[in-house]
Amino acid sequence: MRVRFAPSPTGYLHIGSARTFIFNWLYARRNQGTMILRIDDTDVERNTEESLASIFDGLRWLELDWDEQYRQSERLELHRRRAEEILAKGFAYRDFTPARTAEDDSGREGGAWLFNTGMRELSRQESDRRAAAREPFVLRFRVPRQPERTISFDDGVFGPQAKSTADIEDFALLRSNGMPTYHMASCADDADMRITDIVRGQDHLTNTFKHILIFEALGVDMPRFGHLPLLIAPDGAKLSKRRHGPVVSVTTYQAAGFLPQAYVNFLCLLGWNPKDNRELMTRHELIEAFSLAGVNRSNAVVNFTEDDPIDPKALWLNAQHIYGLPIEELCRRLAPFVQAAGFAADEQKLLRVTPLIRERIRLLSDVTAVADFFFARELAPYDPAELIPQKGDAQLALRVLERARQVLAQADFTQASLEAPLRSAAAELGIKTGQMFQPIRVAVCGRKNAPPLFETLEVLGRETCLERIEQAIEKLRRE
RNA sequence: GGCGCUAUCGUCUAAGGGUUAGGACGGAGCCCUCUCAAGGCUCAAAUACGGGUUCGAAUCCCGUUAGCGCUACCA
């Protein structure tokens, strides 16, 4: 089995493209096939190097690989040769009609345009003469019309498909500048690369009839086809940069702090499922479970809003994958985000902090908001009122902190030996544990919501804790 | 306009003639609990519409509607 992903480098890597790559990749890996990356860059006008770079960056980030790589622009001779071959066999003809413009197009009514009159019938001699005279022409496929014929194929996802040649126009193979069209280049390459299975977006479903015509004319083995439902926006429109902004770009999710395996997992669930209610899946599990039969036929909505570009389910999956990661690996993934935020993150410290925050972050980037007080020397300013516990006052907060200062000065600084004395201190003061712990938590973390107190104290260390409690006491006295 | 594809909770989806139409995310509530999370439990929430076929239809057929794709010398 040989499959390919064939993006055209006209923008950054689109999440829909990434999903198409993933499905091809899963299909290949599942069946010990060969995965081919082919850059379809025949549209010189729109291709950019940045786009090419973004495709590679995106795929590298997603930790996806491939076995062979090609660039269509380096294979133009093959495409032209194959087009000539089709012309020589009589399956194509030269059309010398000047290119239509958009305005010409608007007037069309009552059925589809099929071909330009007079050109199909041009004699070979006449055609050759005008071509030799350097008159520009576009090479068109001579779609069989009399008798018309039904082209059919069995789609791996959509099932049996059929279309009459009476509904297929004489599509172009070569442009008047000699460049192959997408249809020609794609089919010539698919044939040359001996692609056995073409898995691509549903927008190509109806193009497939044209491709079958080309493959037939070329006299090559017919590949199998499988078309994927499209990814669309909540408003039903297809995802586009203009309308939907960063949600369509893979880099958005990388920057937001997604784990590649989580994002791949999310993308797989858009239009495919393993039929057994599993959702959280490893890459290996995805490969094992993948089949074209599990792919849906209706488009899938990426559920984002104007305020939040991230689909809530993607977020949940990311949190699950984060929680499932070994501490050392999570640490490694977190480090760049900690550094980018300007914290001096020494590895040992991060290794101790990570277990305390792993179920509190949904994105890797959350680490800076959740664990900042572990890394910052000085606590960000906070309202002293935060130090005051439920059903208490500043006096109580002061008593709690002064007592805590004593306890922390003496106790062994481990979670286990900190808990008992702190609890009994609460009992001695005649207050609830919550009332005891909150002022301490706010004093050392600078906020009410934080990881469990004793672990936090231990990781922070005696010196930092006492220093921060001292500062809190002064804050309260100044009030 | 022509041709094609699609239609189950808000979203992703399961069920492919017989189910109280299942799961997940998100939402609401409860439990757990030193806060926040995580976790557990519970609740609300769907077969687009109209006809057929059948003892029986989310499921098969036809139509309508809606959405999407193709209809370029874009891919």
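Start with one residue pair: Tyr93 has Arg140 as its bridge partner in β5. A caution before I go on: this is a predicted model.

That pair belongs to β4 and β5. The two strands run antiparallel to each other, and 4 bridges join them. Strand β5 covers residues 138-141. Now widen the view. The sheet is open and has 3 strands, in the order β4-β5-β8, with antiparallel pairing. At the edges sit β4, residues 92-95, and β8, residues 172-174; each of them pairs on one side only. From one strand to the next, the twist averages 40°.

What packs on this sheet? Helix α3, residues 76-88, does, and it touches β4, β5 and β8. The direction of α3 makes about 125° with that of β8.

Next, a loop residue. Met119 lies in the loop between α4, residues 102-106, and α5. Buried, exposed or partly exposed? Met119 has 18 C-beta neighbours inside 10 Å, so it counts as partly exposed. The cut-off for buried is 20 or more. Which residues does Met119 touch, leaving out those up to four places away in sequence? Tyr93, Asp95, Phe96 and Thr97. Tyr93 is the residue we began with, the bridge partner of Arg140. Met119 and Leu270 are 151 residues apart in sequence, and their C-alpha atoms are 45 Å apart in space.

On to α5 itself, residues 124-132. It has 9 residues, and the number buried is 0, so the helix lies largely in the open. After α5 comes Arg134, with a positive phi near 65°.

Last topic: a helix pair. Two packed helices are described by the angle between their axes and the distance between the axes. Here the pair is α6, residues 182-192, and α7, residues 207-218. The angle is about 55°, and the axes are 10 Å apart. That angle makes α6 oblique to α7. The crossing of α6 past α7 is right-handed.

Who meets whom? From α6, we have His183, Cys187 and Ala191. From α7, they meet Asn207, Lys210, His211, Ile214, Phe215 and Leu218. Sorted by class, this contact has 5 nonpolar, 3 polar and 1 charged residues. Look at the spacing along each helix, too. An α-helix has 3.6 residues a turn, so residues three or four places apart point the same way.

Definitions and conventions. Residues are numbered from 1 along each chain as its sequence is written. Chains are lettered from A and ligands numbered from 1 in the order in which they are written. This is a predicted model: local features need pLDDT of at least 70, side-chain atom pairs count only at pLDDT 80 or more; totals for chains, interfaces and linings use all residues. Two strands pair if DSSP finds at least two bridges between them. Axes are lines fitted to C-alpha atoms, for helices over the stretch in contact, and angles run from 0 to 180 degrees between N-to-C directions. Two residues are in contact if their C-beta atoms, placed from the backbone, lie within 7 Å. A residue is buried if 20 or more other C-beta atoms lie within 10 Å of its own, exposed if 12 or fewer, and partly exposed in between; C-beta atoms are placed from the backbone. Angles under 35 degrees count as roughly parallel, over 145 as roughly antiparallel, 65 to 115 as roughly perpendicular and the rest as oblique. A crossing is left-handed if the near helix is turned anticlockwise from the far one by less than a right angle, and right-handed if clockwise. Ala, Val, Leu, Ile, Met, Phe, Trp, Tyr, Cys and Pro count as nonpolar, Asp, Glu, Lys and Arg as charged, and the others, Gly among them, as polar.
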